[in-house]
Amino acid sequence: MALKMVKGSIDRMFDKNLQDLVRGIRNHKEDEAKYISQCIDEIKQELKQDNIAVKANAVCKLTYLQMLGYDISWAAFNIIEVMSASKFTFKRIGYLAASQCFHEGTDVIMLTTNQIRKDLSSPNQYDTGVALTGLSCFVTPDLARDLANDIMTLMSHTKPYIRKKAVLIMYKVFLKYPESLRPAFPRLKEKLEDPDPGVQSAAVNVICELARRNPKNYLSLAPLFFKLMTSSTNNWVLIKIIKLFGALTPLEPRLGKKLIEPLTNLIHSTSAMSLLYECVNTVIAVLISLSSGMPNHSASIQLCVQKLRILIEDSDQNLKYLGLLAMSKILKTHPKSVQSHKDLILQCLDDKDESIRLRALDLLYGMVSKKNLMEIVKKLMIHVDKAEGTTYRDELLTKIIDICSQSNYQYITNFEWYISILVELTRLEGTRHGHLIAAQMLDVAIRVKAIRKFAVSQMAMLLDNAHLLASNTQRNGICEVLYAAAWICGEFSEHLEEANQTLEAMLRPKVTTLPGHIQAVYVQNMVKLYASILQQKEQAGEKEAAQEITQLMIERLPQFVQSADLEVQERASCILQLIKYIQKLQVKEVPVAEEVIALFAGELNPVAPKAQKKVPVPEGLDLDAWINEPPSDSESEDEKPKTIFHEEEQRHSRHRQPEIDEEELARRREARKQEQANNPFYIKSSPSPQKRYQDTPGVEHIPVVQIDLSVPLKVPGMPMSDQYVKLEEERRHKQKLEKDKKKKKQKKEKRGKHHRHNSLHTESEEDIAPAHHVDIITEEMPENALPSDEDDKDPNDPYKALDIDLDKPLADSEKLPVQRHRNVETLKSPDSEVPLVEKKSKKPKKKEKKHKDKERDKGKKKEKEKKVVEEEEEEEKKGEDLDFWLSTAPPAAPTPQPQSEPAMGTAVVAESQEVKKEEREEQDEEEEDEGKKSSKHKKKKHKKEKEEKSKDKKKSKKKSHHSEEEPPESVQNGTLEDEPLPPMSSYRLLAENPYIKMTYDIQGNLQNDSKVTVSVIFENKSTSFLKSMELNVLDSLNTKMLRPEGSSVHDGIPVPFQLPPGISNEAQFVFTLQSIVMAQKLKGTLSFIVKNDEGSTHEKLDFKLHFSCASYLITTPCYSDAFAKLLESGDLHMSSIKVDGINISFQHLLAKICFHHHFSVVERVDSCASMYSRSIQGHHVCLLVKKGENSVSIDGKCNDSTLLSNLLDEMKETLSKC
Amino acid sequence: MPRVTRGRHRDWPVTRSRGLTAPLGSRDSGGRGCHAMGGTCIHGCPPTVSSWQAEEVQQQIIRDTFHLVLKRDDHICNFLECGSLFGGSDYKLIYRHYATLYFVFCVDSSESELGILDLIQVFVETLDKCFENVCELDLIFHMDKVHHILQEMVIGGMVLETNMNEIVAQVEAQGKLEKAEGGLSAAPSRAVSAVKNINLPEIPRNINIGDINIKVPNLSQFM
């Protein structure tokens, strides 16, 4: 053994530590990967050793490698081993590694629950600290559920260091386990007034984070936060609170009014820029929530804008950036106050910092008007040309499109200008946003009928110059534009002047290099084009020309038939056949044009994106019901190949939506026309859409004619949008003159059909009439659409689950899951429960009441309320409180309380019995010796330690399932579904007399190899009050009770609580021991004073404390390969027992061994299982349990033969009781 | 999954972007000398990153972040919108640049931008105190310590403590505790590192004393 140790430490000498690893990696730059894989091999070797220091070192190195991007999930179990080491040094390494690599999918994470619980209740605050820190990174819903109560207890820890961490972690717990929010919230709220500023700040942090997601539930906290805001000097806290108010004000305008004054004071007084900035931000939020127009508010806006201007003009780029950011918020509601700073913002567009330019762009978005749109876009186009990086250029491009298309093209007065801007944008090479431009082109061409002619001519030009756009096809996103161009030319081919030329352009061989979906559109639209040419020619009687064009199609189409793209190929061959047929007819001199054009007859109307969703489900239609019986499993396999096509289909369908299926479309068009004809609300389009603007007074369209002459449409590569700016100016000038003359007529021309918010415009904007009568077709909606915007919400929002009403009293069912001792429950006498519920239900109320009262005193000294009232009344008061508090602000129009007060008074407040009991005790204590805080803290500690207890059972069960690899469905939350286990308790009876009953349990502690903790539950069975309890034992040589320093071995230890009648509580005593191989018995006495009406008497109760060997064991998980190695090593002594007459199932048997003797199942095969445990002094104990018909045989192996035989004897005793 | 191929060497890794991330270093071979970068993500991860993600993705994010930050001049603002990088427009990179080091925090809109800049300053000053004149090599070789310090400031993506004295006190107390336990490597390793640092090539392969020929084992495998 000793030799092995020496050997181990020599090996260790040459293990690399983290620094060596880093150095090594730095020295192996050329073959880093090779070097690291070598290191990983070494680490694997190190992990196989027993020495925990070696393992910790290995895990430390792995953590580093993980950060370099290497997968270390294979070492998850080793990480857990290191986490459960007793030394802080190792523990910290383990938790760091875990926080790096554990995630919800890590299966071993469930093994950590008990370890974490133990660390959380460790006497060493730093053990608790690292556990909390680690937990914050890898908490899973299961962990959150199991540990919520422990963490909540830590929120009242004596050390602020732990308190603040626990408070923060609670947020993570809420996220993963939303049910915990309501039970934990009262305590969280208490922490807002914690004496330690760090804890207070943490609580503010968490509540702000919660409130940010679901502000309305936290409105009732406003008075408390207001108080904090006016009293706190911590800038961090102030910033958080002010941010929170920013989220709350939109819900409660009166709150905003109350805030304005202190906030403006802060703005004037603070020197911290960060605080100033947040104040300005919140003032803005307040102003947004208030109806503007009040004089004092415009002063506030001025103050904000003024401060922001100072920020923007500052040389510090950070301030400049933030100033712009805040400015954009003001812009939304008070555009005028920002628009006066347009110069400053345009100036920022030239800034060398991209972030600042982007912010300025955002601002521009809101600053455009009909008047300045062209000018601003012109500036942006200059920037587009200058921009070097593609990212910024792409950003500019999207911004230009956003600015122009915002609110349904509200600010565009001249769509020809817009189309030319879009065409100019196509010259951007390598942009990713070709599809955006394409979408805009399609949208404008479809929805603005008047522009179609112009659009078609531009698109024809694009198609003609396709080679410029598609130069390097594959990576070039701009070729998407051709998709739009081809479609527009095809669909609106009647506007094409030289259709032949365009058709030829589309049939060029070069087209086949375009992406498939574009080619498909090409093919489809050339037929449309062909059809319209055919018609033209036939009408003109040019039969030869008609046949020529057919011939051209037949010659060129085969290149598409050969396409590798299925879509293209299919369409092309279909169309080729069609045209061949047409050719036959043409030869016979049959007029075909009418029939061909009928294929594409009808008109497309835009449909609103949400239209489909808004169609209400007709009554009696169950969408979830099967139409046909679901196919059997065997069939589904056959269908697999189909789905492949299906997916592909879907990918394409996005692009070719407009022409899904000709016949179907035609049919639908007919149906729609029919429907529209019958629908009195449908505004029918005019029969000849192309010449729309001729309806309007003659002067209106003169400039348009000029454009046609002045803009050389056919010359590509020359910016023409600029010319529109000039033309537009002229036009406006003319218009103005014109308008002076017929001012009255003007009004008539405003068409109700325009989807524009004219009311928002300034007068000068209204004056600018669009260049041609623009006809924006509104999107179609189904007639019986439901007017709701619900569909904007994301159902997957993780924060939605936290949208919980916190003012409702806690219901019976709402409690944190607590690890419970079954016998503790039974200990309670049933009659003691009734008063408990009553008392408890009042308690949180009282506390809230206290807050409220304070608030009220602060807000305005007025009316003191009676202390305790009935629940219903109480709840009403709460609502009133906020109202009252807010009403001290200048009177405002009565606003409806946004908070819906839930129905009160029915819910009974009760928490889990455990919590109830503890709180009850606390309460008693508070009542009795008020001010003695120290005792209260002690109590908390005990509570915490107690919860550590009954974990073993659950853990062992989980473990057994894990290693058995049973199908997951049999495991639910770690418990068996099929066979419920009989209740088990590790608490054994210690002693009992008419006054008191004591039960106890002994727990080893991995952190210390010579200490065990004895938890004793004292239950007062009498009707008297028990106090001054003192526990004393006679120490043996081996086992001694740990007494406080300075006391002699004969002194007893006072039990740190008193017991009212019917109450039980738990105290813990630590014992030191030297050898653990044998069971021990210690004699002891409990002395206490019984106090009742007749007086007090001194009583004693003797007991014998039995330290079984099993109590020195600690449930330790073990992998089967490690287990096998252990057995092979040959260092272990062997012994076995056999017990007859066992009738319980094997499952129960294992559970019993796991629970009572602290073993874990390593592997189970049928009725045979291997189990493992470890003593606090590091002995390995391995068991092989076999079940015969009526008997059980257990073979054990252990480092120490005495320990083993003692353990087996104990086991025999347990089993013989079965 | 294929391993990421990396063109440049990285000394100082960032932890995952989930929850709290910690300093990461990176060395740029592109000529501007040695740069290191620290990254931390306040407020957990953006929606798309929140599910567990492969190390490869993390590395990609780190690399992208590094490139973004690196190409920025000193006199432009310290905020970077990087929605595309993290999959949510709510996220911002806030960084500070100290000589060859970049400290990058990724935060969402619930944090005050200027506040985070202050926090980074506190972090750096704390590092300086804990390492006594911190330099880049300290951070590279003592990643774990850097993490421990950061964990006293930010946990689970939320700011825990901003008072430097408090942070330093807690870090030192834990350091003491570790020392009392003998540390990870305890005494022998100091001797070992002395052995390791011997320049091996200078040790003669064979030692001849008279007739006795002692073959010196090849120790380089231990390096």
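## Packing of helix α14 in chain A

The buried residues of α14(A) make contacts in two chains: they pack against α12 (197–213), α13 (222–231), α15 (253–269) and α16 (273–289) of chain A, and also against α4 (113–131) and β7 (158–159) of chain B. Contact means heavy atoms within 4.5 Å; buried means under 20% relative accessible area, exposed over 50% and partly exposed in between, with a 1.4 Å probe and protein chains only. Helices (H or I, at least four residues) and strands (E, at least two) are DSSP runs, numbered from the N terminus.

This is a predicted model, in which local features need pLDDT of at least 70 and side-chain atom pairs count only at pLDDT 80 or more, while totals for chains, interfaces and linings use all residues. Residues are numbered from 1 along each chain as its sequence is written, chains are lettered from A and ligands numbered from 1 in the order in which they are written, and side-chain values use heavy atoms, with hydrogens and water left out.

Helix α14 of chain A covers residues 235–248. Because 11 of its 14 residues are buried, α14(A) is largely enclosed by the rest of the structure. Among these buried residues are Trp236(A), Leu238(A), Lys240(A), Phe245(A) and Leu248(A).

Helix α33 of chain A runs through residues 566–587; its 22 residues should span 32 Å at 1.5 Å a residue, and its end C-alpha atoms are 32 Å apart, which agrees. The expected span is 1.5 Å times one less than the number of residues. At the start of α33(A), a side-chain oxygen of Asp565(A) comes to within 3.1 Å of the backbone nitrogen of Glu567(A). Glu567(A) is buried, and the buried residues of α33(A) also include Val568(A), Ile575(A), Ile579(A) and Leu585(A).

Glu589(A) lies in the loop between α33 and α34 (593–598) of chain A. Although Glu589(A) is not a glycine, it has a positive phi of about 60°. Its relative accessible area of 52% makes Glu589(A) exposed.

## Sheets of chain A

Five strands of chain A form an open sheet in the order β3-β4-β5-β9-β7, with antiparallel pairing. Its edge strands are β3 (988–992) and β7 (1039–1041), each of which pairs on one side only. Two strands pair if DSSP finds at least two bridges between them. Within this sheet, β4(A) and β5(A) are joined by nine bridges, and Met998(A) stands opposite Phe1018(A) in β5(A).

A further open sheet of chain A has four strands in the order β8-β6-β10-β11, and its pairing is antiparallel. The edge strands here are β8 (1053–1054) and β11 (1095–1107), each pairing on one side only. In β10(A), Gly1084(A) is opposite Val1033(A).

## Chain B

Chain B contains eight helices and nine strands. Of its 223 residues, 55% count as buried. Strand β4(B) pairs with both β3(B) and β5(B). With β5(B), β4(B) forms a hairpin that has two residues between the strands; Ala99(B) in the turn has a positive phi of about 45°. Tyr98(B) stands opposite Leu101(B) in β5(B), and Leu80(B) stands opposite Leu93(B) in β4(B).

| Strand | Partner | Bridges and direction |
|---|---|---|
| β4(A), residues 996–1004 | β5(A), residues 1011–1020 | Nine bridges, antiparallel |
| β6(A), residues 1025–1033 | β10(A), residues 1080–1092 | Seven bridges, antiparallel |
| β3(B), residues 79–81 | β4(B), residues 92–98 | Three bridges, antiparallel |
| β4(B) | β5(B), residues 101–107 | Seven bridges, antiparallel |

Glu132(B) is located in the loop between α4 and α5 (136–141) of chain B. Its phi is near 55°, a positive value in a residue other than glycine. At 66% relative accessibility, Glu132(B) is exposed.

How values were computed. Polar contact = N/O pair within 3.5 Å; in protein donor to acceptor, adjacent residues only side chain to side chain.
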